[in-house]
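Here are my notes on this model, as numbered points. Please read them with the structure open.

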Amino acid sequence: MSQMKHIDNIPSTPGKFKEKSPYNRLRLHFSLTKLTFWSFVFLGLIFVFFFRSPSSSSSSPAASDLSRRSLRTSSYDGPAWEKRIKASAKVRSHSGISVLVTGAAGFVGTHVSAALKRRGDGVVGLDNFNDYYDPTLKRARQALLERVGVYIVEGDINDVALLKKLFDIVQFSHVMHLAAQAGVRYAMENPGSYVHSNIAGLVNVLEVCKNANPQPAIVWASSSSVYGLNTKVPFSEKDRTDQPASLYAATKKAGEEIAHTYNHIYGLSLTGLRFFTVYGPWGRPDMAYFFFTRDILKGKSIPIFEAANHGTVARDFTYIDDIVKGCLAALDTGEKSTGSGGKKKGPAQLRVFNLGNTSPVPVSDLVSILERLLKVKAKRSVMKLPRNGDVQFTHANISFAKRELGYKPTTDLQTGLKKFVRWYLSYYGDGKKSVQ
Ligand SMILES: O=C(O)[C@H]1O[C@H](OP(=O)(O)OP(=O)(O)OC[C@H]2O[C@@H](n3ccc(=O)[nH]c3=O)[C@H](O)[C@@H]2O)[C@H](O)[C@@H](O)[C@H]1O
């Protein structure tokens, strides 16, 4: 009854009624409090958006670090720029493909771009030249690619407008997506950069690919690190990958799930390649074989990790030329995507392959090989494997890649390091020239 009365009392002009009813005065009080509260929340959000976003000049260390490291360029565009892209994308062989290579100034990106160009494919590179490691090495790789006719567009995979523009200029049949934040241990120093490049960046690339007409087939770099703490060896693609030991590994694993989603919803043809500790000429200075070489030459001591109870730490080191063959075979066997206009038209190819060497080598043996090649005794400092993302060993089962891609690595660590050392000495000299 009282409820009925209350309903009957609902005023046609609420303002008047409020003044009369104590109940409504209370309600007004609550509404005002609510309004004030939400106004503050709203203003707070505006403040956060405008003053703390990574693209602003905020002094947040993570944000400023990201914007510093992702050297975005706004200077693209123009007829001369488009002409260079078209020339670089020109397919010169009868059955050639047209490939956008992201991370083209990176280690694997440079080698893959050069190999594609050599056999007559059209190649356009994309790289943000960030300073995770010495950018002068990336510039030298760029110069090398320029000499063989590959143009690298300077820009970020998070720049969607730029990606769209590239697809407007060239109908890429394939994307080789290698741009990423690499390195297992650095993830503890700069976790945001892994999310930015390996997750947000990947999604941007896939978004643009899904909207492209025709959609390209995509091959992209996953990692052996997705096997994480697994103890069953050799690692097979069928094994579990749900216990990553580093944020790097977790972002690569997330990438594999994201790939599944874009394949499922949009019909994108996607192939993930789990690279196993790739090494060779023009390699990455943040990797152990590279900075061990530098430090052995400088007479500095090198930290060699060992597991509990003097357990051996080993890697399935894989030589760059073998990896390049695997990448090209993945591109060549990549089927067409099935979607158009952002809609799936039928089931599309979804694959993941191990690209390893199938013969793990202990890190201490790697050092012995380097000592022989450099003719310098290393100052070894054996220490416990730090808990910062490293796993004790990796070992690839490559039978699936062998069957589907004809992948067959042919370079053992001794031979591959010999080629690396020869390059290192010709590039840096005998160690006097400093490497960052
Ligand atoms: O397969 C991958 O997916 C990854 O491979 C690579 O990671 P890792 O296999 O960890 O290579 P890397 O750092 O060269 O350490 C080599 C060995 O030296 C040991 N190591 C390392 C440093 C050190 O100071 N001492 C040491 O003993 C260390 O414990 C390890 O046993 C790529 O960097 C990564 O981006 C990713 O692509």
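1. Start at Thr-277. This residue is buried, because 23 other C-beta atoms lie within 10 Å. Burial is a count: 20 or more other C-beta atoms within 10 Å of a residue's own makes it buried, 12 or fewer exposed, anything in between partly exposed, with C-beta atoms placed from the backbone. Thr-277 sits in the loop between E6 and strand E7 (278-279). Its phi is near 30°, a positive value in a residue other than glycine.

2. A word on the basis. This is a predicted model, in which local features need pLDDT of at least 70 and side-chain atom pairs count only at pLDDT 80 or more, while totals for chains, interfaces and linings use all residues. Residues are numbered from 1 along each chain as its sequence is written.

3. Compare Lys-375. Its phi is near 55°, again positive in a residue other than glycine. Is Lys-375 buried or exposed? Lys-375 is exposed, because 6 other C-beta atoms lie within 10 Å. The residue belongs to the loop between helix H13 (363-374) and strand E13 (379-384).

4. Now the chain as a whole. It has 15 helices and 13 strands. Both are DSSP runs numbered from the N terminus: helices are H or I with at least four residues, strands are E with at least two. Of the 436 residues, 40% are buried. Take the contacts between residues at least 6 apart in sequence: 81% join residues at least 24 apart. A contact here puts two C-beta atoms, placed from the backbone, within 7 Å.

5. The sheet. It is open and has 7 strands, in the order E3-E2-E1-E4-E5-E6-E11, with parallel pairing. Strands count as paired if DSSP finds at least two bridges between them. Which strands stand at the edges? They are E3 (151-154) and E11 (350-355); each has a single partner strand, so one side of each is left without a neighbour in the sheet. Neighbouring strands are turned by 20° against each other on average, direction ignored. For such angles, axes are lines fitted to C-alpha atoms, for helices over the stretch in contact; values run from 0 to 180 degrees between N-to-C directions.

6. E11 pairs with strand E6 (residues 270-275) in the parallel sense, over 6 bridges. Leu-270 has Leu-350 of E11 as its bridge partner.

7. E2 and E3 run parallel and are joined by 4 bridges. Asp-127 finds its bridge partner in Glu-154 of E3. Between E2 and E3 the chain passes through helix H7 (residues 135-147), a right-handed β-α-β crossover. Right-handed means that, with the strands pointing away from the viewer, the path from the first strand over the helix to the second runs clockwise.

8. Strand E4 (residues 174-177) deserves a look. His-174 and Met-176 on one side are buried, as are Val-175 and His-177 on the other, so both faces are covered. E4 runs parallel to E1 with 4 bridges, and Val-99 stands opposite His-174. E4 also pairs with strand E5 (residues 217-223) in the parallel sense, over 4 bridges. There, His-174 has Ala-217 as its bridge partner.

9. Helix H9 (residues 191-211). E4, H9 and E5 make a right-handed β-α-β unit. H9 has 21 residues and spans 30 Å from first C-alpha to last, close to the 30 Å expected at 1.5 Å a residue. The expected span is 1.5 Å times one less than the number of residues. Where is the kink in H9 centred? On Gly-201, with a bend of about 30°. The bend is the angle between axes fitted to the seven residues ending at a residue and the seven starting there. Gly-201 is also among the buried residues of H9, which include Leu-202, Val-205 and Leu-206.

10. Two cis peptide bonds to check. The bond from Asn-213 to Pro-214 is cis, with omega near 5°. Pro-214 lies in the loop between H9 and E5. The bond from Val-233 to Pro-234 is cis too, with omega near -10°. Pro-234 lies in the loop between E5 and helix H10 (247-266).

11. Last, Gly-311. It lies in the loop between strand E8 (301-306) and strand E9 (314-315). Gly-311 is exposed, with 12 other C-beta atoms within 10 Å. Neighbours within four places in sequence aside, Gly-311 is in contact with Glu-306 and Gln-392.
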